[in-house]
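Biologist: I would like to learn to read a model feature by feature. Where do we begin?

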Amino acid sequence: MKVIGISTVRVDGLELVKGRAVFADDMHLDKMLYLKIHRSPHAHAMVKKIDTSRAKALPGVVAVYTHEDFPERYFTTAGQGYPEPSPRDTRILEQHVRHVGDRVVLVAAESLDIAEKAVKLIEVEYEILPAIFDPEEAIDNKIVLHSVEDASGIATPKRNIAGHVEESVGEVDKAFEEAEHVFEGTYSTPYVQQCSIEPHIMLSWLDERDRLVIRTATQVPHHVRRIVAEVHDIPVRKVRVIKPRVGGAFGGKQEILGEELIAAVTLKTGRPARLEYTREEELYAARSRHPQKNTYRIAVDKDGIFQAIDMRILENSGAYGAHALTVMSVSAQKALSIYRAPNIRVIADAVYTNLFVAGAYRGYGSPQGFFGLEILVDEIADKLGIDPIELRRKNHLQLGDDVPIAKVLGEGREGFPITVDSISLSECLDIGMREIGWDELRKSGKEGVVKRGVGVAITAQGCGIAGVDMGAVFLKMNEDGSFNLLMGATDLGTGSDTAMAQIAAEALEVPVEKIIVYSSDTDLTPFDTGAYASSTTYISGGAVLKAALSAKEQILSQAKKLLDTDNVEIRDGAAVAADGRSMTYGEICTKSLYTEHQTQIMGIASHMSYLSPLPFNATFADVSVDTETGLVTVNHIVSVTDVGQVLNPPMAEGQVEGAVPQSLGMAISEHMVADKNGAPVNTDFNDYHIYSAVDMPKMTTRFAPSHEPSGPYGAKAVGEIPINVPAPAVINAIYNACGVRVRSAPISPEEILRGLNVLGS
Amino acid sequence: MVEFLLNGEPLKVDVEPGTTLLEFLRERGLFSVKHGCDHGECGACSVLMDDLAVNSCLLLVNSLDGRRIETLEGLEGDKTLAKLQQEFLDTGAVQCGYCTPGMLIALTALLRQNSNPSEEQIRDALAGVLCRCTGYVKPVEAALKVSVRGGNR
């Protein structure tokens, strides 16, 4: 291969290092209105009266809207396939507010300053209602957050259950009765936030034909178009959504969090509108990772082989049900896929509380699902006296295995069967052991005040949502032998535009520079479900490959006509006849466009898959624990991943290197905290601490290649999997260092010290 | 009325009290300067002030009398920056690119003071620029490559 597997400079690199105007907000629009939202200060309340008169009287205020200005229509902010598996439980502006930060009044003004002042002049009279803050008290609470007539798609609204999943394979109860050993543990993960450095930012205007144009930092342009059209009851043809460069998303922008508001202002006033979240709003009024408290039971036979895994999930969805059902479905689907236990069961509930609204966040349930599982497996290894790597080797999937959970549990519905056609997990463990210095560090460093230890955890993810995700591509040839690659695939900073260009270039036998990429504009590019679920490389990439091969067929066919012989082949971006004559791509296309056998050479393709092959990863952590202060320091992380064929080594490494500190944040420094009234406590980067350049431990990133037959050039997904298990690897390393078993994140020094005192007493 | 140098051009401006340098620069179309937090915590809005990297969201335009302000747009001919930009591209240090201008400004400031910084000095210089994509691995690697070759020559 000439392009695949080779380092290529990003196709969007130049404009980014030059700081050119490529992000959503990097433009000025005449007569633009600036929007601000008056948000509920109460966790649960009914709006009794809104006095907007003082705000409206402020010079420069153009519009003030409340729930009374919109029909009572419920939608989901979750940008997912249609019909959405998330409940339709959200209004554009609320009367019944369900969390601190819920949207009550929208102000549009001539400047941001005026809009900010106007928001403060709005007087809202609330009837404060009792609230639910503990997810364990949500089910069957007398407080009901979403009454039945409000919405649709909620599992059991009267019981505050947003979503429910119950699936099993085999004879689970029997397996536990007959098991030699049964191990059980309960583990919890916190609210953490995506923290893209670019906040949610969106602009809208009417074009010259009075169509609504939305330029937004989104992962899901086609879902934005559909949902905005639905909310405002206008035809899809009246809406165009443009995705410029996006400044990071990590799931946070798989959500319609204001596009419907700017649309309202532009449609009602005819003027351009702009809404940007402040960092504070990002940290309490955008979306976050669903906290889960999960109990696992594992039945193990006398040889250490897992016979059954039983998983109970209690997921806190917060005030609304965005991604509630599907996130915990993924928690179970992925966590219950990696070990070969023949009997598996999951019972899961997502509940409403009056806390932060959760949503999509990189890993999408897998980090929560693997967190407890991989700590419990470590506990089992300890109790059985088996090396934790060996225990995993005895039980993890092998080539040719079926993945039974995949069939019974899809995302919000039944899934599709999967067989493992590519796996190098065993090599991931080999490489990781060596790179971290497992044998040495497992035993040494246990004396003294600062103790050192190593831990491991393994994980699997998927490649797109089987039977749901679809991507489409339009590739057309130009007379200099270049190609426009127009696709719905949504590069949100990951580099997918470059990966897609590489796939097209490899297939067409041209350098990457000959591929001109334009992605995600609902007027100019074909459909794609969007950039989530680790789908882009596998699903959108599959479409790129098909379109490129189709164009190549056409090039060959045109060349045969132009050279007047059937004996032609494509070689290195030219058509070569058996008699030695040849034509360049440029010559073929020029003649095809202008003079002979006239046609536009173009490939058009769609791709979806009933398979969602599993990428695998083994993450190793080397930590030090100060037994006097309880402080944990991560010294070194080794992350080894099986992503099939690596398309672009530095870009793939970059995905791992960026994912690891997000998980370390969850383990050590990140936690969205609410006070006893549900109000946010830490709403800036001083108090909500994401990793900086000086916090990063030593990082070793490796790949253990395999070849996925169903992926483009053998590739699998890399975007999500490396975030799944650094946190449990750190926790397992802490146990190895000092014997304290942590079962919840984030890890606090107090907890470590408490653990040490228990050991000491 | 305040007078300062912006990207080599002398400016005499009269702005509303309270106008931050970040707002002012973006209003003038200098979009390399990004908005990320408004509190001087993320560094996306970094610019050079008298050769030092500063957060433009914390600076009031009216406080800039006599200062020299530079953004990426004004550094087109700067050799140190050009080396950093090329190394960022070649190393794969750019992902979403939103914090990239801030990182480049921070590193340009560092290399103006010290043409051969250590990894620790590079990390310290980048500590004020938050990045959620790269884990800082490749940006540090890119900066080290420039450092080894002598950044400002």
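Modeller: With the contact between the chains. This is a predicted model. In it, 40 residues of chain B are in contact with 42 residues of chain A.

Biologist: Which elements of chain B give two or more residues to the side that touches chain A?

Modeller: Four helices do: α2 (79–91), α3 (100–113), α4 (119–126) and α5 (137–149) of chain B. α2(B) gives the most, with five residues. By class, this side of chain B has 21 nonpolar, eleven polar and eight charged residues.

Biologist: How many helices and strands does chain B have?

Modeller: Five helices and five strands. From the N terminus on, their order is β-β-α-β-β-β-α-α-α-α. The radius of gyration of chain B is 15 Å, close to the 15 Å that the globule rule gives for 153 residues, so chain B is as compact as a globular protein of that length. Of its 153 residues, 57% count as buried. Among contacts in chain B with a separation of 6 or more, 64% come from residues 24 or more positions apart.

Biologist: What does the domain assignment give for chain B?

Modeller: Domain 1 (2–73) and domain 2 (75–149). Their centres, taken over C-alpha atoms, are separated by 20 Å. In chain B, 15 residues of domain 1 are in contact with 14 residues of domain 2. On the domain 1 side, β3 (46–49) and β4 (52–55) of chain B each supply at least two residues. β3(B) gives the most, with three residues. That side of domain 1 divides into nine nonpolar, three polar and three charged residues.

Biologist: Now a helix. How do I read its buried face?

Modeller: Start with the general idea. An α-helix has 3.6 residues a turn, so residues three or four places apart point the same way. Now take helix α3 (residues 112–121) of chain A. Its buried residues are A:I114, A:A115, A:A118 and A:V119. Seen down the axis of α3(A), they fall within an arc of 140°, so they line one face of the helix.

Biologist: What covers the buried residues of α3(A)?

Modeller: The cover includes β1 (33–39), α2 (53–57), β3 (61–65) and β5 (103–109) of chain A.

Biologist: And a strand?

Modeller: In a regular strand the side chains alternate between the two faces of the sheet.

Biologist: In which sense do strand β17 and β23(A) pair?

Modeller: Antiparallel. Strand β17 (residues 470–477) of chain A pairs with β23(A) over seven bridges. The bridge partner of A:L475 in β23(A) is A:G603.

Biologist: Which backbone features deserve a check?

Modeller: Most residues other than glycine have a negative phi, and most peptide bonds are trans. Look for exceptions. A cis peptide bond joins A:Y82 and A:P83, with omega about -5°. A:P83 is found in the loop between β3 and β4 (96–97) of chain A. The bond from A:A745 to A:P746 is also cis, with omega near -5°. A:P746 sits in the loop between α18 (726–738) and α19 (749–760) of chain A.

Biologist: What is the phi of A:D140, and is that residue buried or exposed?

Modeller: A:D140 has a positive phi of about 65°, although it is not a glycine. A:D140 is exposed, with 11 other C-beta atoms within 10 Å. Its loop runs between β6 (123–128) and β7 (161–169) of chain A.

Note on methods: Residues numbered from 1 in each chain as written. Chains lettered and ligands numbered in written order. Predicted model: local features only at pLDDT ≥ 70, side-chain atom pairs only at ≥ 80, totals over all residues. Buried ≥ 20, exposed ≤ 12 C-beta atoms within 10 Å, placed from the backbone. Arc of directions from axis to C-beta. Contact = placed C-beta atoms within 7 Å. Rg over C-alpha atoms; globule rule 2.2 N^0.38 Å. Nonpolar A, V, L, I, M, F, W, Y, C, P; charged D, E, K, R; others polar. Pairing = 2+ DSSP bridges. Domains from an automatic or database assignment.
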